[in-house]
Amino acid sequence: MPLGDKPAAGRARANAGKLTRRTFVTSALVAPFVAGKARAAGGLNAYSIWPENYARPMMEAFEKASGIAVKFVRFSSGEALARVLAEKGNPQVDVLFGGPVETFTAGQSKGVFEAYKSPSWSELPDRFKDKDGLWTAIADDPLVFMTNSSFLKQHNLQPPASWEDLLDPAYKDMLQMADARTSGTAVTRIFSVLQVNNRNEDAAFAYMKKLRKNVQSYTKSGGGGTVPVGLGQAGGGIFFIVDALFTRQKGYDVQISFPKEGIGSAAECIALIKGAKNADSGKKLIDWTTSPAMQSLLAPNKINFIPAHPKVPTDPSLAEVLKGAKIIEIDDTWAGANRQRIIERWVAEVLNAG
Amino acid sequence: MAVAASARAPAQRDPLRTIVVVALWFVLGLFVLYPLACLLVRAFSDDAGFTFGPIVGALGNPTHLRALRNSIVLATLVGIFGTAAGFLFAFTVERTGMGRGLRRMIDLVILLPLISPPFTTSIGFVFSFGPRGLITHGLFGMQNAQVYGWTSTLTAEALTYFPLAFLALRPLIAAIGGDLEEAAFSLGGSRWQVFRTVTLPLTLPGIGNAFLLIFAASLADFATPLILAGNNLPVLPTDAYLQITGMFDLKGGAVLSLLLLVPAGLVFFAQRYLVERRSYVTITGKIGGRAQGAAAAAWVRWMLWAICAAVTAFILYLYALLVYTSVVVAFGANESLTLANYQVIFTEGIPAIKDTLIIALVAMPLGGLYGVTVGYLIARSRGLGRHMLEIVSMINYALPGTIVGIAYLIAFNDTPFALTGTATIIIACYIFRYSPTGIRTTVALLQQVDRSIEEASFSLGAGTLRTFYGVTLPLIMPAFFAGLGTVFIRAMTAISATIFLVSINWTLITVRILENMTEVALGPAAAFSVFVIVVVLLVTSLLNVALRRMTAPSLRVARLGTAS
């Protein structure tokens with residue numbers, strides 16, 4: 001709106017007034033539409049706990065296969081569940097996609113899921129499904145120790161092969177792992193320690209308190225520490241294998257090892273939200289993700305989850321990494337029932353011990 | 001006087017003005033008072049009814065007390081260091097005869113932290129310090145440096161917020177440079193004496209104000225501690241967030257956020273007190289020209305220049321690092337150049353970008369308009385109504401974002417005002433939280449404008465609206481634009497409140513940046529940040545151009561024309 005050199009005092013004022021008036025009118029007109037921006041009817045809304053770069057190729061393949069438009073947004077497991085719980089009265093999404101089983105058992109106890117058994121349900125081993133169909137596994141994801149190669153060399157260490165190895169003073173302030181308040185990785189880790197200690201809580205917490213002295217930072221999400229470990233800013237940590245292998249794929253020089261006592265694994269699950277507005281589409285997504293249709297896409301997309309469906313073979317390079325690993329089972333029912341209490345104890349006795 | 005009073009009278013009774021006031025109080029009630037009330041009810045009640053239980057419980061919990069103490073200590077230290085740095089920069093830029101080019105450069109660089117999304121400084125720190133940090137290890141060969149904890153959180157926050165002090169102190173220091181110091185010098189005072197007895201005391205209220213600005217910013221900072229605090233520095237905003245998102249404990253989060261009310265309230269009232277006293281400095285400053293260069297000896301000048309150069313260079317380094325991270329495959333592992341990260345944000349990131357821009361562009365004009373309207377009513381009314389409007393319109397701004405976000409989450413999750421999942425809730429949050437800049441600037445400008453100009457319009461028969469748009473608004477255009485700019489910048493960069501309000505329908509770039517950072521996707525996080533900075537620079541420059549157009553000489557003629 002150039003004013004030019006002409007005096008036109010009155011016009012200039014009028015113009016100035018007009019512009020703001022126009023802005024005002026426009027925004028007043030636009031606001032209601034913006035507020036009510038409707039999403040594609042018949043589509044599907046999901047919270048994804050899988051990171052965007054894993055979830056996106058899967059959802060795109062599903063869109064192609066089913067013709068159903070998917071809208072998803074990624075949150076870490078704790079945050080995603082917190083949202084589902086907060087929206088219980090008025091669900092904003094139809095499906096909770098990906099994320100460790102402990103998140104799903106926690107949600108199950110609060111009654112936010114709708115039972116649904118997909119055609120693959122009966123083919124899955126018990127560990128990969130809720131007996132009522134409230135959640136179903138789509139993949140398996142064991143924890144691993146991941147260490148920085150040059151850190152190991154500098155300190156003359158072998159990759160840790162026992163939980164005790166992580167207590168080595170060489171790791172002082174050099175480990176990173178997730179915070180149990182937000183991360184399912186952390187909860188799975190804590191339940192692994194409990195399981196290794198035969199659920200002797202005092203022994204498990206005594207170990208975790210010792211381990212804390214070596215922890216530099218508890219990160220908000222499970223993978224938060226992987227880049228610092230890759231860079232050598234941290235010496236090592238405990239992560240899901242999918243994050244650890246992703247770090248290695250990006251070119252960071254890291255070692256992956258397993259404790260001889262055993263380490264837990266989390267089934268990655270999917271569940272239908274109770275009161276979902278697009279329940280039928282949600283069921284189709286569950287059918288698709290729990291079947292070989294999705295799980296055979298994991299390896300080609302370099303996503304290092306272990307397929308849950310028995311008919312989908314594990315990628316050979318992934319199987320190679322897992323060779324010799326002792327994966328122990330975490331009792332999901334017990335874990336679900338004790339989750340809150342154990343996390344609170346962890347916050348009080350471990351996190352805030354320093 | 002009698003004439004003025006009679007001329008004003010019709011304005012007071014103007015039905016339109018009444019409608020505006022009523023509408024304003026309605027939205028203030030809905031978006032400021034109601035959420036706060038909901039938060040208080042949630043924190044002070046249980047199944048049995050009213051109780052102090054949760055608050056007493058929180059105060060008796062050593063963990064929470066520690067977080068409260070940390071928050072206050074951290075904010076105080078950040079306030080001290082940030083104010084010192086801001087003062088030093090303002091003094092150096094204004095009083096040491098620095099060349100114009102250099103001043104421009106410092107102006108620009110120093111603004112970067114203010115217009116950047118959160119985490120930008122934190123990403124740079126994580127790369128630069130620590131056992132293998134580019135600076136601690138790469139430059140100084142240190143082996144066991146740590147990046148997590150007090151030092152880096154404090155430094156990163158001071159670096160992010162000292163520009164606030166710079167902006168607040170610079171005009172003051174420029175203003176007192178003239179006659180007063182000159183007089184002191186001619187009376188034989190040494191440079192140090194003049195600085196100590198004239199410059200410093202005169203800027204003291206300004207320094208206090210700058211300290212409070214930074215204190216409040218640090219108290220509310222959620223992003224920096226989340227990345228840099230490590231294990232031994234829990235602070236309240238981060239803990240409240242983790243309590244809600246991780247422990248599914250909305251009530252606990254509400255209680256924790258309420259603990260922040262005490263320091264935030266103290267700051268608010270201290271600031272009001274200071275702002276009211278500030279005027280004598282500016283009046284002093286209006287006389288005389290500035291005595292460039294007289295205020296510091298050569299060696300002091302060189303030292304100040306060196307410090308400013310070092311800090312400026314460090315900020316530039318952090319942003320260079322950010323840009324670099326955005327164009328390599330994986331920082332520290334595979335540093336071959338790539339545009340893949342930008343490809344990611346312009347494909348996968350498009351929904352977040354679109355949502356953020358829509359929200360920012362809708363919030364901007366509404367916020368600007370709201371700001372001048374409230375500012376106008378504050379400046380042009382008196383008594384209880386004025387004070388209440390002044391205080392209520394500042395509440396959401398004065399409260400840390402965590403409190404506002406949680407309050408909105410509680411208030412608008414259910415009927416009668418179920419706004420969860422809409423853009424309205426995010427837009428409202430931005431408007432009521434970030435318009436006070438527009439309000440304050442409007443009030444300040446109107447205090448300088450003679451009321452007779454408006455009265456002339458009234459006496460010619462124009463109503464309130466007509467006068468407001470025809471006379472007042474052109475006069476307070478700079479305030480309107482200041483409001484537009486602030487709301488836009490904040491809508492593009494803020495996270496502490498809106499992280500609770502994003503939804504499946506409406507997400508924000510800043511929240512994506514946080515997710516990216518925790519998903520080990522630092523490249524896209526950096527690319528997003530660069531994008532935000534570029535957009536903000538672009539839009540604020542456009543606003544500046546527009547403002548300059550509107551206050552061009554021809555418009556100044558218009559002002560006179562209206563007055564006559």
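The largest nonpolar core in this predicted model has 272 residues. Val95(A) and Ala363(B) are the residues with the most contacts inside that core. Helix α18 of chain B, residues 350–379, gives the core its largest share, 15 residues. In soluble globular proteins, nonpolar side chains tend to be buried together.

**Around Ala363(B)**

**Chain B as a whole**

- Chain B contains 28 helices and four strands.
- The radius of gyration of chain B is 25 Å, which agrees with the value near 24 Å that a compact globule of 564 residues would have.
- Taken along the principal axes, the box filled by the C-alpha atoms of chain B is roughly 75 × 70 × 50 Å.
- Buried residues make up 51% of the 564 residues of chain B.
- Among contacts in chain B with a separation of 6 or more, 80% are between residues 24 or more positions apart.

**Phe269(B)**

- Phe269(B) is placed in helix α14 of chain B, which covers residues 261–277.
- Phe269(B) counts as exposed because it has 12 C-beta neighbours inside 10 Å, and a residue with 12 or fewer is classed that way.
- Between Phe269(B) and Trp25(B) there are 22 Å in space, C-alpha to C-alpha, and the two are 244 residues apart in sequence.

**The two domains of chain A**

- Domain 1 of chain A consists of residues 44–140 + 266–313.
- Domain 2 of chain A consists of residues 142–265 + 334–353.
- A distance of 26 Å separates the C-alpha centres of domain 1 and domain 2 of chain A.
- The contact between them takes 18 residues from domain 1 of chain A and 19 residues from domain 2 of chain A.

**The side of domain 1 of chain A that touches domain 2 of chain A**

- The elements of chain A that give two or more residues to this side are α3 (77–86), β3 (95–100) and α4 (101–109).
- With six residues, α4(A) provides the largest share of this side.
- By residue type, this side of domain 1 of chain A divides into five nonpolar, nine polar and four charged residues.

Conventions. Residues numbered from 1 in each chain as written. Chains lettered and ligands numbered in written order. Rg over C-alpha atoms; globule rule 2.2 N^0.38 Å. Buried ≥ 20, exposed ≤ 12 C-beta atoms within 10 Å, placed from the backbone. Contact = placed C-beta atoms within 7 Å. Core = buried A, V, L, I, M, F, W, Y, C linked by C-beta atoms within 7 Å. Domains from an automatic or database assignment. Nonpolar A, V, L, I, M, F, W, Y, C, P; charged D, E, K, R; others polar.
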